[in-house]
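Take a look at the sequence and the model below.

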Amino acid sequence: MTQLEAFYTELQKFFQPLWPGEDKPLVLGEGNDKSPQLMLIGEAPGETEVIKRRPFVGKAGKNLDEFLTLMEMRREDIFISNVVKIRPTEPGKGGRTRNRAPNKEELALFTPWLMKEILIVQPRVLVTLGNVPLKALTDPKITIGDCHGTFLESKAGIPLYALYHPASIIYRRALLPVYQADVLGLKEALQETK
Ligand code: URA
């Protein structure tokens, strides 16, 4: 068993009994866990991610493909995970369930596990998608609008590069060129320090 597998076994043992009677499957990280160049960190899995038990395979996953194309990387080159590893939901219209932002309690429960996950994977750079992972790994006062496309020091001691969340680009099309420029900025920075 690898160190990461042992860690995920421990994580599952901790979280599975927390919500008795509720169906809250865990979506764990995946990819290159041996000091990859990048570890991508999202907010929390959505509906498709829970069905497939894999991070970033739904709508946001399409945007991830665009990120990978711009970076000239393959999905298996990097490690992909989320801060919160269950799908936060609330009742929606017509008895349906919809996504919501993770709450304080979920963030407090999952963030220490994310820190351990990062220290096991040991990426060269952390790439956060949106405010949730950015705030969890830096300072709650920092917001993505102020620091997207820049490097920050993370609480894990590994440089962090902040990107907008893929979902915000789907809803705010004007952000697309900004996002693309930020991704190319990351690519150049990685090439310079090779
Ligand atoms: N899918 C994920 O796995 N994480 C997100 O933050 C969004 C979609």
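Predicted model: local features only at pLDDT ≥ 70, side-chain atom pairs only at ≥ 80, totals over all residues.

Residues are numbered from 1 along each chain as its sequence is written, and side-chain values use heavy atoms, with hydrogens and water left out.

**Helix pairs**

Helices (H or I, at least four residues) and strands (E, at least two) are DSSP runs, numbered from the N terminus. Axes are lines fitted to C-alpha atoms, for helices over the stretch in contact; angles run from 0 to 180 degrees between N-to-C directions. Angles under 35 degrees count as roughly parallel, over 145 as roughly antiparallel, 65 to 115 as roughly perpendicular, and the rest as oblique.

| Pair | Axes come within | Crossing angle |
|---|---|---|
| α3 (residues 59-71) and α8 (residues 176-192) | 9 Å | roughly 40° |
| α1 and α4 | 10 Å | roughly 170° |

With axes crossing at roughly 40°, α3 and α8 are therefore oblique to each other. Their crossing is right-handed, meaning that the near helix is turned clockwise from the far one by less than a right angle. On α3, the contact (heavy atoms within 4.5 Å) is made by Asn63, Glu66, Phe67, Leu70 and Met71. On α8, it involves Leu176, Tyr179, Gln180, Val183, Leu184, Leu186, Lys187 and Leu190. By class, this contact has 9 nonpolar, 2 polar and 2 charged residues. Here Ala, Val, Leu, Ile, Met, Phe, Trp, Tyr, Cys and Pro count as nonpolar, Asp, Glu, Lys and Arg as charged, and the others, Gly among them, as polar.

The second pair is α1 with α4. These helices are roughly antiparallel to each other. From α1 come Gln3, Leu4, Phe7, Tyr8, Glu10, Leu11, Phe14 and Phe15. From α4 come Leu109, Phe110, Trp113, Lys116, Glu117, Ile120 and Val121. The contact of α1 with α4 has 11 nonpolar, 1 polar and 3 charged residues.

**The core**

A nonpolar core is a set of buried Ala, Val, Leu, Ile, Met, Phe, Trp, Tyr and Cys residues joined through side-chain atoms within 4.5 Å. Buried means under 20% relative accessible area, exposed over 50%, and partly exposed in between (1.4 Å probe, protein chains only). The largest core has 56 residues; Leu38, Phe67, Ile118, Leu126 and Leu186 touch the most other members. Its largest share, 7 residues, comes from helix α4 (residues 104-121). Beyond four places in sequence, the contacts of Leu126 include Met39, Ile41, Ile118, Leu137 and Tyr161.

**Single residues**

Arg53 lies in the loop between α2 (47-52) and α3. Its phi is near 55°, a positive value in a residue other than glycine. At 49% relative accessibility, Arg53 is partly exposed.

Glu72 sits in the loop between α3 and β3 (79-82). Phi of Glu72 is also positive, near 55°, in a residue other than glycine. Glu72 is exposed, at 64% relative accessibility.

Met1 belongs to the segment before α1 (3-15). Met1 is exposed, with a relative accessible area of 77%. Not counting residues up to four places away in sequence, Met1 touches Ala6 and Thr9.

Gly149 is in the loop between α6 (144-147) and β7 (151-153). Its relative accessible area is 25%, partly exposed. Gly149 and Val178 are 29 residues apart in sequence and 8.6 Å apart in space, C-alpha to C-alpha. Leaving aside neighbours within four places in sequence, Gly149 contacts Tyr161, Ala162 and Asp182.
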